[in-house]
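Visitor: I would like a close look at one residue, and then at the parts of the chain that can be set beside it.

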Amino acid sequence: MRAKPSDTKLTGLFLDMLAAEQGAGPNTLDAYRRDLTDFSEFLGRAGHTFVDAETQSLRDYLADLDTRGFKSSSVARRLSAMRHLFRFLLNERIRTEDPAAILSGPKRGRGLPKVLSIADVDRMLRRAKEMSEAMDASPAQRLRNLRLYCLLEVLYATGLRVSELVALPRTAAKRDARMIVVRGKGNKERLVPLNEASRQAMADYLAATEAAKTEKKKDSLAASKWLFPSFGESGHLTRQHFARDLKELAVASGLQARLVSPHVLRHAFASHLLHNGADLRIVQTLLGHTDISTTQIYTHVVEERLKSLVRDLHPLAEK
């Protein structure tokens with residue numbers, strides 16, 4: 001009798017499928033791996049595996065997540081991972097039935113994204129520029145300040161995902177570049193326009209990195225293909241490092257750190273565009289959303305703008 005494949009092996013095969021057939025990126029794969037590892041450990045304590053788990057075991061796991069204080073959004077994500085896994089096992093004929101097919105997830109409303117006001121973003125941009133121009137900063141600190149200002153300008157000008165931003169190639173900083181090619185989720189490419197402020201910030205930062213070159217370093221960071229290089233495994237600045245720097249900048253700008261993150265600035269980019277009259281489909285393209293429904297979390301901005309237009313411009317509106 002052939003031995004049953006282990007949960008670890010099945011998880012690996014499942015993740016390989018996601019990467020090869022659906023173009024799932026490293027962050028998505030890591031999230032699936034963490035979720036399925038936790039699920040497997042729960043099943044193991046009850047003497048079950050992915051191959052023989054029944055629907056009741058899945059219900060018990062969801063109840064355990066609730067007991068552990070998981071938010072409904074997190075429970076729904078775990079359930080989604082299980083559904084994808086068991087559908088894969090069914091398609092591969094490793095199982096003959098899908099125990100997750102009849103499960104229903106927790107009800108959850110789709111919350112509105114946190115958004116900074118235009119004034120808040122302006123405060124952060126001004127503070128970052130002041131720091132980049134500080135004459136009393138050491139050369140190393142000035143370079144870090146220029147990098148932070150460049151990151152902020154580019155993020156707010158383009159609405160890139162933070163993983164796309166930190167992995168920009170050095171060639172993105174060409175002075176005559178009005179557009180940059182961004183490789184997003186699923187390895188799909190899209191064109192994103194740059195404004196004058198972001199182009200200038202990239203040019204200033206790149207010039208500073210070139211000026212910082214020495215014979216000793218010419219083959220290390222200064223020669224990196226990345227716009228924001230580092231000595232880490234990826235070769236470029238990490239998402240976590242940028243997020244920490246951004247929170248420190250928020251505090252220095254008089255804002256609460258908990259309200260600011262790279263993703264919040266991406267939301268600000270989209271919301272501010274829509275508030276100023278941009279078309280939802282255009283914003284969808286700029287954000288790299290495959291489905292318009294993903295972009296529709298911003299429709300509250302459009303609705304508020306329409307209300308104000310009717311209030312201010314309709315001839316019968318109360319004055």
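Which describes Thr 11, buried or exposed?

Guide: This is a predicted model, in which local features need pLDDT of at least 70 and side-chain atom pairs count only at pLDDT 80 or more, while totals for chains, interfaces and linings use all residues. Residues are numbered from 1 along each chain as its sequence is written, and side-chain values use heavy atoms, with hydrogens and water left out.

Thr 11 is buried, because its relative accessible area is 8% (buried means under 20%, exposed over 50% and partly exposed in between, with a 1.4 Å probe and protein chains only). The residue belongs to helix 1, residues 7–22 (helices are DSSP runs of H or I with at least four residues, strands are runs of E with at least two, and both are numbered from the N terminus). With neighbours within four places in sequence left aside, Thr 11 is in contact with Leu 36 and Phe 50, contact meaning heavy atoms within 4.5 Å.

Phe 50 is also one of the residues touched by Arg 95, whose other contacts beyond four places in sequence include Val 51, Ala 53 and Phe 86. Arg 95 sits in the loop between helix 4 (72–91) and helix 5 (118–132), and with 4% relative accessibility it counts as buried. A polar atom of the Arg 95 side chain lies 2.9 Å from the backbone oxygen of Ala 53, and the side chain also makes a polar contact of 2.4 Å with the side chain of Glu 97 (a polar contact is a pair of N or O atoms within 3.5 Å; within protein, one must be able to donate a hydrogen and the other to accept it, and residues adjacent in sequence count only if both atoms are side-chain atoms).

Helix 4 also takes part in a link between distant parts of the chain, since Asp 35 in helix 2 (residues 26–45) pairs with Arg 78 in helix 4, 43 residues apart. The two form a salt bridge with closest N and O atoms 2.7 Å apart, a salt bridge being a side-chain nitrogen of Lys or Arg within 4 Å of a carboxyl oxygen of Asp or Glu. Asp 35 is buried at 4% relative accessible area, and Arg 78 counts as buried at 9% relative accessibility.

Glu 164 counts as buried at 6% relative accessibility, as does Arg 161 at 13%. Lys 185, which is in contact with both Arg 161 and Glu 164, is by contrast exposed, with a relative accessible area of 58%. Lys 185 lies in the loop between strand 1 (179–183) and strand 2 (189–193). The unreviewed UniProt entry gives the annotation "active site" to Arg 161 and Lys 185, among others; such positions are given in the numbering used here, feature names are shortened, and annotations may be inferred rather than shown by experiment.
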